[in-house]
Amino acid sequence: MTEFVATTPGLFPLPDWAKDELSDLKGHQKEDLVSGNEGPEITAVIDRARTAVIEDQQNAGLDRTVEGQLRWDDMLAHPLAVHENVETHGIVRYYDNNNFYRDPVVTGELTFSGDVAAELDATAEQADNLQAVLPGPYSLCDLATNEYYEDDATFLDAVSEFLAGEVDAFPETETLYLLEPSLVTNAPGDGDDAHASEAIDAVASATDADVVVHTHYGALTEKVHAHLLDADVDAIGYDFISNHEENLYNINEYGTKSAISLGLLDGQNTLVETPEKINERVDWVLDNTPAASFDTVYMTPNTELFYLPVNKYQEKLAALGEAAALRAEVTTA
């Protein structure tokens with residue numbers, strides 16, 4: 001029997017009250033963004049905001065709880081942006097949208113940080129169905145500038161080793177979502193595609209949790225998808241909002257893992273899907289992949305949710321939780 005798991009790829013919008021309080025405490029300039037050395041007043045605001053988004057997920061009835069990444073001013077570049085051997089330079093567009101992050105320029109060895117593990121430790125005190133979220137190694141390299149390692153291949157190995165070290169320090173988690181949008185938007189070429197999957201493998205091997213490599217902003221090329229299947233992960237995520245046809249083609253042509261992550265809600269659109277529409281999309285994928293059989297189906301927005309106003313993010317969580325509940329009723333009837 002297939003298990004349906006309602007979850008998200010994290011990176012939530014800050015609650016409005018927290019945004020106001022942090023604006024007063026941090027200021028509004030680039031140099032005022034999070035550094036990894038926040039003082040107690042800022043930390044206290046983040047702690048209260050974390051509790052709020054944990055409660056949002058619990059109230060919605062989601063099956064996994066993420067930390068929310070409310071400190072991640074640089075979105076997926078955060079783990080490098082707060083590292084002691086990384087400098088943050090100019091502002092760079094975050095993929096193809098109107099959000100920006102500081103260019104993390106790696107100027108020294110990527111040693112263990114523990115920054116994300118500390119966030120998860122705080123979350124684990126309030127939730128027992130924890131899900132960790134990290135950038136995948138290929139995307140993190142793609143978002144960064146390397147001024148220390150010999151070449152791109154060595155840099156990718158260093159980033160995967162760094163992320164594996166961070167994962168090894170995590171508290172017990174049910175799942176680990178590795179977000180890899182750059183595999184879609186800036187697909188690796190011949191040879192680099194296999195290396196990217198090996199780098200993901202290295203990160204996944206650092207945890208006993210189920211590992212999901214979630215891709216978005218379109219569909220993987222056939223070759224990148226084929227190489228990703230070689231990685232020893234539990235599930236691959238597909239964005240069925242931005243490109244359902246090519247994602248369906250990849251699954252039917254090359255197969256996928258025994259678990260799958262379905263991007264079913266539009267993380268960048270304020271239109272809130274109904275629970276019935278979400279389940280229609282699940283059924284469409286299952287009906288159109290007749291050769292596939294899934295132990296687990298992760299039901300999730302296609303992208304991070306920080307793009308949305310807080311009320312729309314909350315409504316999307318509620319719709320997702322209700323969709324999973326409706327599906328559970330049908331399954332157990």
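Student: Which residues does Y94 touch, not counting residues up to four places away in sequence?
Tutor: This is a predicted model. In it, Y94 touches M75, L76, N99, F100, Y101, L143, Y217, E304, F306 and Y307. Y94 also belongs to the largest nonpolar core, which has 98 residues. There, Y94, L110, F170 and M299 touch the most other members.

Student: Why is W72 called buried?
Tutor: Buried means under 20% relative accessible area. W72 has 4% relative accessibility, so W72 counts as buried.

Student: Where does W72 lie?
Tutor: W72 lies in the loop between α2 (40-60) and α3 (78-81). Setting aside neighbours within four places in sequence, W72 contacts L11, H78, P79, V116, E119, V133 and P135. W72 and L33 are 39 residues apart in sequence, with their C-alpha atoms 9.1 Å apart in space.

Student: What makes the link between W72 and E119 a polar contact?
Tutor: The cut-off for the N or O pair is 3.5 Å. The side chains of W72 and E119 are joined at 3.2 Å. That is a polar contact.

Student: E119 is in α4. Why is helix α4 described as largely enclosed?
Tutor: Seven of its ten residues, in the range 115-124, are buried, so the rest of the structure largely encloses α4. The buried ones are D115, V116, A117, E119, L120, A122 and T123. Their cover includes α2, α3, β4 (131-135) and α6.

Student: How do you know that the span of helix α6 agrees with its number of residues?
Tutor: Helix α6 has 17 residues, 152-168. At 1.5 Å a residue, α6 should span 24 Å. Its end C-alpha atoms are 24 Å apart, so the two agree.

Student: What caps the N-terminal end of α6?
Tutor: D151 does. One of its side-chain oxygens lies 3.3 Å from the backbone nitrogen of A153. Within α6, the buried residues include F155, L156, F162 and L163.

Student: How do you know that D239 has no salt bridge?
Tutor: A salt bridge needs a nitrogen and a carboxyl oxygen within 4 Å. For D239, the nearest side chain of opposite charge is R281, 8.9 Å away. D239 is buried and has no salt bridge.

Student: Which side chain makes a polar contact with that of D239?
Tutor: N302, at 3.2 Å. D239 lies in strand β8, residues 235-239. Beyond four places in sequence, its contacts include T215, H216, Y217 and N302.

Key:
Residues are numbered from 1 along each chain as its sequence is written. This is a predicted model: local features need pLDDT of at least 70, side-chain atom pairs count only at pLDDT 80 or more; totals for chains, interfaces and linings use all residues. Side-chain values use heavy atoms; hydrogens and water are left out. Helices (H or I, at least four residues) and strands (E, at least two) are DSSP runs, numbered from the N terminus. The expected span of a helix is 1.5 Å times one less than its number of residues. Buried means under 20% relative accessible area, exposed over 50%, partly exposed in between (1.4 Å probe, protein chains only). A polar contact is a pair of N or O atoms within 3.5 Å; within protein, one must be able to donate a hydrogen and the other to accept it, and residues adjacent in sequence count only if both atoms are side-chain atoms. Contact means heavy atoms within 4.5 Å. Lys and Arg count as positive and Asp and Glu as negative; His and the chain ends are not counted. A nonpolar core is a set of buried Ala, Val, Leu, Ile, Met, Phe, Trp, Tyr and Cys residues joined through side-chain atoms within 4.5 Å.
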